[in-house]
Amino acid sequence: MNVYIYRNTAVAAIVFGAVGGQAQAAVTESSANYAIQARGFMHSPAFPDQERQDLSVSGESQVSGDAAGWTWRWRPFLRLDSADEKRSHFDVREASVARPLGPGLIRAGIGRVFWGVSESQHLVDIVNQTDLIEDPDGEDKLGQPMLSYALGGDAGTLEVFVLPGFRPRTFPGKDGRLRFSLPIEFTHYEDPAEQWHVDGALRYAGSFGPLELGLSWFSGTTRDPAYELAASGTALTAVYEQIDQAGLDTQFLIGGLALKLEAIYRSGQRNRAFIEEDFGAATAGFEYSFSQLPGRPDSPMSLSAFLEYLYDSRGDQALTSFENDVFVGFRLDGNDANGTSIEAGVIQDASESSRVISFEAERRFGAHLRTRLTARIFDLAPNDFLADFDDDDYVEVEFGYFF
């Protein structure tokens with residue numbers, strides 16, 4: 001892992017050195033967040049060396065400013081974990097500079113971008129690698145070295161990305177929970193350039209009245225590896241292939257109702273049986289935001305309800321547990337000074353007994369303290385892609401100090 005830390009640090013130094021050499025940087029915004037996190041697993045571990053408790057500390061800061069006509073952003077992240085050495089990691093989430101160039105905006109360095117509209121999963125969001133050891137929901141992302149140019153106008157925005165350098169997915173170690181029965185200890189790349197392959201992507205985004213439309217294309221090293229048994233027979237190898245992916249993300253707004261769709265078509269990817277198979281996948285559904293809380297018309301709280309269907313044409317050979325599933329969930333926002341929010345949802349397999357239940361609640365106390373409660377329950381069939389998580393139900397409490 002050190003090679004990626006050194007590479008990202010080098011990229012950050014080059015980016016900021018080039019700008020800082022021209023003029024003294026002026027900080028316009030800064031913040032930081034430090035947290036203590038405790039996880040308690042509801043069942044005894046299924047594999048040797050695992051624990052029922054996990055304690056960790058994390059720190060993340062964000063600084064942005066202006067220098068010599070450039071805007072810059074710096075966002076490092078660090079976690080130290082008591083139970084899994086692989087979960088102790090440092091990452092530069094962002095270290096980028098940007099400025100207008102001609103009719104558009106150029107950005108260089110390490111950055112994060114988000115594509116997508118759905119709630120349960122983000123199929124089209126492919127630029128940044130998933131930081132899987134942070135949270136199994138896949139929402140946390142690693143920083144990605146990139147050079148981008150965005151050209152905007154009345155017809156929408158077109159952004160082109162050059163991605164020089166690949167970040168392999170982070171996985172729990174053999175001592176960690178939320179892992180496969182065999183730990184993922186090796187990495188193999190289809191391209192001879194391995195992690196130095198230069199990927200490319202582009203995305204168009206536009207709004208047409210109530211319609212929001214995104215069209216994307218990616219060509220390069222897949223962020224979702226296939227898995228092969230290592231020669232030792234006691235571990236897995238994550239295999240990263242060269243793929244092409246076309247993506248669509250769109251939503252149509254009708255009052256409080258948002259109709260949503262994310263869809264992809266990908267070629268060059270191996271499936272669960274380690275056979276190359278082109279496939280399509282989609283997440284479709286709606287979000288409805290109530291103008292008033294049902295039964296409490298005078299309450300400042302707001303409620304949003306979600307219903308989505310998750311599909312993958314590979315079926316049981318998909319590299320995901322969500323190939324024929326239904327997601328139902330809600331989000332309750334307190335709209336108060338403490339930022340109180342509650343989210344809950346269940347993803348139920350439409351053809352099997354498998355389901356994943358999630359609950360998250362967050363609240364601030366005073367000007368600098370925050371607490372978050374998370375619970376995840378896995379009830380998975382023996383042939384499910386994530387069947388090894390079946391004993392890893394957990395409750396997580398996090399106390400944070402921010403400023």
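In the predicted model, strands β18 (residues 341-349) and β19 (residues 355-365) are paired in the antiparallel sense, with eight bridges between them. The two strands form a hairpin in which five residues separate β18 from β19. Within this pairing, Gln348 has Arg355 of β19 as its bridge partner. Strand β19 also pairs with β20, again in the antiparallel sense, over 11 bridges. Here Phe365 is bridged to Leu369 of β20. Three residues lie between the strands in the hairpin of β19 and β20, where Gly366 adopts a positive phi near 70 degrees.

Strand β1 (residues 26-41) pairs with strand β2 (residues 53-67) over 14 bridges, and Gln37 is placed opposite Ser56 of β2. Strand β2 is in turn paired with strand β3 (residues 70-81) through 10 bridges, also in the antiparallel sense. Glu60 has Phe77 of β3 as its bridge partner. In regular strands, side chains alternate between the two faces of the sheet.

The hairpin of β2 and β3 has two residues between its strands. Ala68 is found in this loop between β2 and β3, and its phi, near 55 degrees, is positive although the residue is not glycine. With a relative accessibility of 30%, Ala68 is classed as partly exposed. A positive phi, of about 50 degrees, also occurs at Glu194, likewise not a glycine. Glu194 is located in the loop between β8 and β9 (198-208). Its relative accessibility is 40%, so Glu194 counts as partly exposed.

The model contains 14 aromatic pairs. One of them joins Phe180 and Tyr227 in an edge-to-face arrangement, with 5.4 Å from centre to centre and 80 degrees between the planes. Because Phe180 belongs to the loop between β7 (156-164) and β8 (184-189) and Tyr227 to strand β11 (residues 226-229), this pair ties together parts 47 residues apart in sequence. Both Phe180 and Tyr227 are buried. The two residues also take part in a cluster in which ring pairs link Phe171, Phe180, Tyr227, Phe378, Phe385 and Phe389.

Two arginine side chains are positioned over aromatic rings. The charged end of Arg93 sits over the ring of Phe77, at 4.5 Å from the ring centre. Phe77 is the residue of β3 that is bridged to Glu60. Arg39 lies over the face of Tyr394, with a distance of 4.9 Å to the ring centre.

The structure holds 31 salt bridges. Among them is the contact between the side chains of Asp81 and Arg87, with an N to O distance of 3.1 Å. Asp81 and Arg87 are both buried. A further salt bridge connects Arg331 and Asp333, whose closest N and O atoms are 3.7 Å apart. Asp333 is partly exposed, its relative accessibility being 24%.

Arg372 forms a salt bridge with Glu398, in which the closest N and O atoms are 3.0 Å apart. This pair links distant parts of the chain, 26 residues apart: Arg372 is in strand β20 (residues 369-379) and Glu398 in strand β21 (residues 394-402). The two partners fall into separate accessibility classes: Arg372, with a relative accessible area of 25%, is partly exposed, whereas Glu398, at 6%, is buried. Elsewhere, salt bridges with shared partners join Glu119, Lys260, Glu287, Arg331 and Asp333 into one network.

Confidence was considered for the chain as a whole and for one segment. The mean pLDDT of the chain is 93, and 94% of its residues reach 70 or more. Over residues 18-23, pLDDT stays under 50. The model has seven contacts beyond four places in sequence for these residues.

Key. Residues are numbered from 1 along each chain as its sequence is written. Side-chain values use heavy atoms; hydrogens and water are left out. Rings of Phe, Tyr and Trp (its six-membered ring) pair if their centres lie within 6.5 Å; planes under 30 degrees apart count as stacked, over 60 as edge-to-face and the rest as tilted. Helices (H or I, at least four residues) and strands (E, at least two) are DSSP runs, numbered from the N terminus. Buried means under 20% relative accessible area, exposed over 50%, partly exposed in between (1.4 Å probe, protein chains only). A charge sits over a ring if NZ of Lys or CZ of Arg is within 6 Å of the ring centre and within 35 degrees of the ring normal. Two strands pair if DSSP finds at least two bridges between them. A salt bridge is a side-chain nitrogen of Lys or Arg within 4 Å of a carboxyl oxygen of Asp or Glu. pLDDT is the predictor's confidence in each residue, from 0 to 100. Contact means heavy atoms within 4.5 Å.
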